[in-house]
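Please work through the exercises below with the sequence and the model at hand. Each task is followed by a solution in steps.

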Amino acid sequence: MQLEQDFLKKNFSDFYKKNFIEDPPEPEQREFGIGEFGRKITQRHLSFSSLQDFNYFLQKETPFFVSCSTALYSQPAARPMQAKGFLQGDIVYEFDADDIKTPCKQVHDSWKCPRCNAEGKGAIELCTECGTPVKVEQWFCEECLGEAKKQIFELKEFLENDFAFTEGISINFSGSAGFHFHLRGKGIRQLKQAARIELLDFLTGANLDLGAIGFVENGKSLDCPKPSALGWAQKIMSGLRDLVENAPSDKIAAIAGVRDSNAKKFLEKKQRILEGIEKGMLFPFPTKKTREFWLALAKFVVEKKKLDIDRQTSMDLNKIIRVPGTIHGGTGFIAKKISWEELKKFNAFTDALAFPQGKTVRVLIDKAPKFNLGSESFGPFQNSEAELPLNAVVFLVAKQAAKLA
Ligand SMILES: [Zn+2]
Ligand SMILES: [Zn+2]
């Protein structure tokens with residue numbers, strides 16, 4: 001693959017010569033890390049005195065992956081970690097489409113068993129024939145990225161409504177199957193670890209005590225938070241109102257584990273139930289299990305509204321993460337910074353392309369699902385030779401699915 005690596009490096013270097021990378025802020029206080037072909041981090045503890053210095057390095061050395069610390073340090077290149085002098089740290093939440101079970105994975109992902117050689121479509125963990133952990137070939141598409149994007153909008157809503165965090169927010173495409181949400185506001189940066197955990201617990205609905213936020217038994221009915229409540233109390237109540245108003249009886253029955261006929265009878269009093277909710281009271285459920293009934297619905301709402309944020313990576317104060325604007329060496333896409341206005345319409349397969357249109361290159365493609373890139377659609381390929389536009393070639397070669405012909 002030396003030829004392929006040289007090819008990618010040459011193109012990446014051309015990109016860095018034409019595009020000045022404007023991120024990260026406060027570069028002189030961050031630790032940088034770089035990676036080689038197929039390995040995201042092979043070297044850490046690098047530092048740069050300025051963005052000029054950093055860009056010069058990208059043009060000359062052109063690593064395949066470039067990450068920087070979320071933390072700011074007084075001595076970012078010092079080792080070990082404790083010697084760096086931690087000053088303060090951004091919070092970065094990552095949303096990865098690989099972790100979301102979308103139907104499109106059945107189309108573009110495939111697996112193979114290393115033991116019995118069975119293979120199939122989709123992203124599964126264990127071989128359907130012999131139970132051995134399988135090797136999955138993961139791809140991503142507009143659809144799975146769309147799911148990850150939804151989480152970004154939900155996080156924005158959480159932060160604005162519940163914490164009034166609006167400054168210092170920056171979003172970027174990860175360069176592969178996800179998005180990164182950077183929080184760099186003054187208030188955020190000064191948060192101690194305990195407060196960061198509390199914030200994460202809140203966003204992920206962890207350790208939520210329904211009794212403590214106002215769901216308390218009161219005779220035959222159940223008290224609930226008033227419409228003026230905030231935070232999770234408000235989220236749950238709006239979810240419950242929505243279920244009562246719009247969900248069919250069989251859905252309610254399935255969520256709460258009651259008979260459809262009982263749910264139907266219950267929903268006949270919809271108006272009175274909704275009036276009760278406005279007054280902070282949850283209507284008694286006829287078969288006496290009022291508390292279980294409503295708490296099951298409330299838990300369903302929490303599951304739906306909580307955010308899937310990876311605990312480990314978001315809590316790591318010394319973590320390094322892709323520098324926005326740089327190229328992801330596993331796709332050739334730009335880890336593009338996106339404004340809120342752009343995010344809704346953002347499509348990585350047209351908006352994160354790094355290379356000029358027009359040039360084509362011949363490649364031998366081992367295996368690739370159908371994918372859209374630019375305004376064209378390619379594949380599926382299996383042991384095929386084709387002449388493709390440069391952006392598509394870089395994508396396939398970087399994903400190690402093709403070789404130069
Ligand atoms: Zn097997
Ligand atoms: Zn997909």
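This is a predicted model: local features need pLDDT of at least 70, side-chain atom pairs count only at pLDDT 80 or more; totals for chains, interfaces and linings use all residues.

Residues are numbered from 1 along each chain as its sequence is written, chains are lettered from A and ligands numbered from 1 in the order in which they are written, and side-chain values use heavy atoms, with hydrogens and water left out.

**Exercise 1.** Identify the protein donors of the zinc ion (ligand 1) and describe their geometry.

*Solution.* Step 1: donors are N, O and S atoms within 2.8 Å of the metal (3.2 Å for Na, K and Ca); water is not among the atoms, so sites may look incomplete. The SG atoms of Cys 113, Cys 116, Cys 127 and Cys 130 coordinate the zinc ion (ligand 1) at 2.3 to 2.4 Å.
Step 1: the angles among the four donor atoms run from 105 to 118 degrees, and the site is tetrahedral; four donors count as such if all angles lie between 85 and 135 degrees. The ideal angle for four tetrahedral donors is 109.5 degrees.
Step 2: along the chain, the donors of the zinc ion (ligand 1) have the spacing C-x2-C-x10-C-x2-C.
Step 3: buried means under 20% relative accessible area, exposed over 50%, and partly exposed in between (1.4 Å probe, protein chains only). Cys 113 is buried at 1%, whereas Cys 130 is partly exposed at 30%.

**Exercise 2.** Carry out the analysis for the zinc ion (ligand 2).

*Solution.* Step 1: its protein donors are Cys 104 (SG), His 108 (NE2), Cys 141 (SG) and Cys 144 (SG), at 2.1 to 2.3 Å.
Step 1: this site is tetrahedral, with angles of 104 to 117 degrees.
Step 2: the spacing of the donors is C-x3-H-x32-C-x2-C. Cys 104 and Cys 144 are both buried.

**Exercise 3.** Characterise the nonpolar cores, that is, sets of buried Ala, Val, Leu, Ile, Met, Phe, Trp, Tyr and Cys residues joined through side-chain atoms within 4.5 Å.

*Solution.* Step 1: the largest core has 112 residues, and Tyr 93, Trp 294 and Leu 388 have the most contacts inside it.
Step 1: a second, separate core has five residues, among them Trp 111 and Cys 127.

**Exercise 4.** How many residues of domain 1 and domain 4 are in contact, and what area is buried between them?

*Solution.* Step 1: domain bounds come from an automatic or database domain assignment; domain 1 comprises 10-97 + 146-198 + 311-354, and domain 4 comprises 362-405.
Step 1: 13 residues of domain 1 contact 11 residues of domain 4, contact meaning heavy atoms within 4.5 Å.
Step 2: the buried area, the accessible area (1.4 Å probe) that two parts lose on being put together, summed over both, is about 920 Å², with 67% from carbon and sulfur atoms.

Notes. Four donors count as tetrahedral if all angles lie between 85 and 135 degrees; four count as square planar and six as octahedral if opposite donors are over 155 degrees apart and all others between 65 and 115; anything else is irregular.
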